Each structure stands twice: as C-alpha cells, then as structure tokens.
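Here is my note on the model, point by point. Please read it with the structure open.

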Amino acid sequence: MVLLLGLVTFLFAFASGRNAKRYVAKPKVNFLGENNLFITSENVSKLLIQNYAGLENVPKETLDLNVLENTLKSNAMIKNAEVYLSVNGTLNADIVQKTPIARVNTNASYYIDADGQYMPLSSNFSARVPLVTGYVEKNNLKSVHTVAQKVMNDDFLKTHVFEIHRDQNHKLYLKLRQCHFMVKLGDVNFIDKKINNLKAFYKKSSKEKTLNSYSVVNLQFENQVICTKI
C-alpha cells in the first residue's frame with residue numbers, strides 16, 4: 001500500500017513537472033456576448049504577445065496570467081477579460097467588449113459606453129448609436145450618458161432619437177428623425193417624466209398632423225410642454 005502510494009505520488013509529480021515545462025501554444029481568443037467585434041482576435045493576440053515578445057515557445061511556468069489579464073483590461077475597447085491555460089498548453093482569453101451607446105461627434109470623435117466611459121472608435125465595426133454634438137468633455141459625460149442610456153433602453157426613443165446635443169450652458173436637447181423641431185430637456189432632473197410628456201405630445205401631434213408646425217418643444221419645466229411654432 002505504501003509502495004503504491006509512493007508510486008502515485010511520483011507519477012503525479014513527474015506529470016506535473018512535464019506539464020509545467022510545456023510551451024504555450026498560439027492564443028485562442030473567445031468573445032463573449034456581443035457578436036459585432038470592435039476589436040479583433042488578432043488585436044487581442046498582439047496585446048498578449050507584446051508582454052513576452054512572442055508567446056509561442058514560452059514555458060508555461062514563466063507566464064503571469066494576472067499581468068496578461070490586466071494588459072487586456074487596460075485596452076479601451078475591452079470591458080473584462082479572463083486569461084487561463086488549458087492542460088495542452090493553449091492560452092485562452094475570454095473577452096467581453098465594451099458596449100457603445102452614443103457617439104460623440106465634436107472636435108474629437110469617440111463612443112460613450114454603457115458605463116459612461118470613453119471608448120475609441122473602431123476601424124473594424126461602426127455602431128449605429130445616437131450622435132452627441134455640442135459642448136462635450138471626456139471628463140464630464142454624466143448627463144449625456146444618462147440621456148443616452150434612456151434612449152438605448154426605451155423603444156420609442158431608440159426608434160426616433162438620432163442626436164443628443166448639449167449647449168455651452170450644458171442644457172440638453174434631442175433631435176428626432178423626420179421632425180424639424182428640437183426637444184429641449186434642460187437637465188436630467190425628472191427625466192422619466194419629461195420622456196413621458198414627449199411621448200404624449202408626439203402621439204397627439206402625430207394624430208393631428210402638426211409635428212412639423214414647431215421649432216422647439218420645451219420639456220425642461222416639470223409637468224409642462226411648451227411648444228414654439230415655426
């Protein structure tokens with residue numbers, strides 16, 4: 001019995017030693033969730049390879065998986081990443097991309113992601129999301145992000161809103177498809193109430209065929225819809 005236990009221990013140690021000395025195979029990149037790729041498998045592989053000047057022929061025991069994960073997470077296209085080795089030496093990277101919900105189109109162009117963070121444009125894929133124009137700063141995206149989230153999560157707004165505008169006084173506006181008027185939200189206080197008022201106005205004016213009679217639909221005052229005629 002003692003002899004058998006010793007033999008098992010020896011074989012386990014021998015196998016573990018051989019496994020640790022195996023070299024890393026070409027990285028395998030798996031994208032989780034969204035099908036549209038803003039960053040490619042080749043881009044991810046390059047990020048991994050940069051840390052070791054080429055991953056193939058690198059012994060498994062020399063890899064620091066935490067360093068590789070943090071390298072991927074530092075990329076502005078990537079929300080989360082998990083890096084791990086399979087038994088045969090394949091380096092796997094599971095990638096969750098950021099989700100863009102608006103595209104800033106001022107003197108700089110970039111996306112705002114679902115968490116309200118900066119996300120660069122991709123040469124691989126362009127997201128169809130509302131444009132953001134006017135006075136927008138990367139370090140002050142909170143109010144624009146709040147409105148963009150509402151647009152993304154509301155069927156009416158997602159169908160009709162194509163632009164979010166912020167003026168130099170940080171007042172917020174919406175532009176709707178096939179409408180001449182600007183929707184003035186003001187700030188994001190009582191945003192849900194303002195959106196409900198917009199829907200009620202749109203439904204009523206559509207029925208009366210008067211949507212194109214206005215230049216501004218002002219929602220910034222609670223429980224009021226003030227329309228300026230053309």
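1. The handedness comes first. H2 passes H3 in a right-handed crossing; a crossing is right-handed if the near helix is turned clockwise from the far one by less than a right angle, and left-handed if anticlockwise. Helices (H or I, at least four residues) and strands (E, at least two) are DSSP runs, numbered from the N terminus.

2. Basis. This is a predicted model: local features need pLDDT of at least 70, side-chain atom pairs count only at pLDDT 80 or more, and totals for chains, interfaces and linings use all residues. Residues are numbered from 1 along each chain as its sequence is written, and side-chain values use heavy atoms, with hydrogens and water left out.

3. Geometry of the H2 and H3 pair. Helix H2 (residues 41–50) and helix H3 (residues 65–73) pack at an angle of about 135°, with their axes 9 Å apart. That makes H2 oblique to H3. Angles under 35 degrees count as roughly parallel, over 145 as roughly antiparallel, 65 to 115 as roughly perpendicular and the rest as oblique. Axes are lines fitted to C-alpha atoms, for helices over the stretch in contact, and angles run from 0 to 180 degrees between N-to-C directions.

4. Residues at that contact. Val44, Leu47 and Leu48 in H2 meet Leu68, Thr71 and Leu72 in H3. Contact means heavy atoms within 4.5 Å. By class, five of the residues are nonpolar, one is polar and none is charged.

5. The loop. Asp64 lies between H2 and H3. Asp64 counts as partly exposed, because its relative accessibility is 36%. Buried means under 20% relative accessible area, exposed over 50%, and partly exposed in between (1.4 Å probe, protein chains only). Asp64 and Tyr84 are 20 residues apart in sequence and 9.9 Å apart in space, C-alpha to C-alpha.

6. Ile101. This residue is found in strand S4 (residues 100–105). Ile101 counts as buried, because its relative accessibility is 4%. Leaving aside residues up to four places away in sequence, Ile101 touches residues including Ile112, Val129, His145, Ala148 and Met152.

7. Whole protein. There are six helices and twelve strands. Of the 230 residues, 39% count as buried.

Key:
Ala, Val, Leu, Ile, Met, Phe, Trp, Tyr, Cys and Pro count as nonpolar, Asp, Glu, Lys and Arg as charged, and the others, Gly among them, as polar.
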